[in-house]
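Thanks for coming. I have one model to go through today, and I will keep to what can be computed from its atoms.

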Amino acid sequence: MAIFQGAIFLFFGLGLLIMDWQSLKSGWLPCGPKGLKGRLEFTRDTEPLGYWLMFVLYGISGVWLVIFSLRLLAGVVEPLPLG
């Protein structure tokens with residue numbers, strides 16, 4: 001179970017960090033659904049505070065997930081319980 005959880009968390013953590021890195025070029029970050037209007041996005045040009053808050057949140061979350069997954073794969077921490 002630790003290998004599976006470690007791989008999943010590593011995948012999501014690296015995905016968040018890659019999305020953060022690519023947003024520096026594109027200038028926008030997705031932030032989830034916005035109801036029937038599509039998805040909520042923050043752009044650097046129109047909403048700089050929201051963009052940088054999401055940038056920091058995605059960055060911190062990505063780094064935490066990568067570190068936790070590497071600790072899981074190394075056997076330093078126990079896997080999360082299933083039930």
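Is alanine 74 buried or exposed? Alanine 74 is exposed, because its relative accessible area is 59%; the cut-offs are under 20% for buried, over 50% for exposed, and partly exposed in between, with a 1.4 Å probe and protein chains only.

Some ground rules. This is a predicted model, so to speak of local features we need pLDDT of at least 70, and side-chain atom pairs count only at pLDDT 80 or more, while totals for chains, interfaces and linings use all residues. Residues are numbered from 1 along each chain as its sequence is written, and side-chain values use heavy atoms, with hydrogens and water left out.

Back to alanine 74, which lies in helix 2. Helices here are DSSP runs of H or I with at least four residues, strands are runs of E with at least two, and both are numbered from the N terminus. Alanine 74 and alanine 2 are 72 residues apart in sequence, yet 9.1 Å apart in space, C-alpha to C-alpha. Alanine 7 sits in helix 1, residues 2-26, and counts as partly exposed because its relative accessible area is 43%.

Now helix 2 along its length. Methionine 54 and alanine 74 are 20 residues apart in sequence and 30 Å apart in space, again C-alpha to C-alpha.

Just after helix 1, glycine 27 has a positive phi of about 90°. After helix 2 comes glycine 75, whose phi is also positive, near 85°.

What do the buried residues of helix 2 pack against? They pack against helix 1, strand 1 (28-33) and strand 2 (39-43). The buried residues of helix 1, in turn, pack against strand 1 and helix 2; among them are Gln5, Asp20 and Ser23.

Next, the largest nonpolar core. In soluble globular proteins, nonpolar side chains tend to be buried together. The core here has twelve residues: Phe9, Leu16, Leu29, Phe42, Tyr51, Met54, Phe55, Tyr58, Leu65, Phe68, Leu72 and Val77. By core I mean buried Ala, Val, Leu, Ile, Met, Phe, Trp, Tyr and Cys residues joined through side-chain atoms within 4.5 Å. Helix 2 (48-74) gives the most to this core, with seven residues.

Methionine 54, buried because its relative accessibility is 11%, touches Leu29, Cys31 and Phe42, not counting residues up to four places away in sequence. With neighbours within four places set aside, leucine 65 is in contact with Phe9, Phe12, Gly13 and Leu16. Serine 69 lies in helix 2 too, and is buried because its relative accessible area is 0%. Leaving aside neighbours within four places in sequence, serine 69 contacts Gly6, Phe9 and Leu10.

On to the surface. Met1, Phe4, Ile8, Phe11, Phe12 and Leu82 form a nonpolar patch with about 700 Å² of accessible area together. Patches take residues with over 30% relative accessible area and no salt bridge; like charges are joined within 9 Å, and nonpolar side chains (Val, Leu, Ile, Met, Phe, Trp, Tyr) within 5 Å. Accessible areas come from the Shrake-Rupley method with a 1.4 Å probe, and for residues only the protein chains shown count as cover. Leucine 82 is in the segment after helix 2, and counts as exposed because its relative accessibility is 72%.

Last, charges. How many salt bridges does a search of the whole structure find? The search finds one, where a salt bridge is a side-chain nitrogen of Lys or Arg within 4 Å of a carboxyl oxygen of Asp or Glu. Glutamate 41 and arginine 39 form a salt bridge through their side chains, at 2.7 Å from N to O. Glutamate 41 is partly exposed, because its relative accessible area is 31%, and arginine 39 is partly exposed at 47%.

How values were computed:
Contact = heavy atoms within 4.5 Å.
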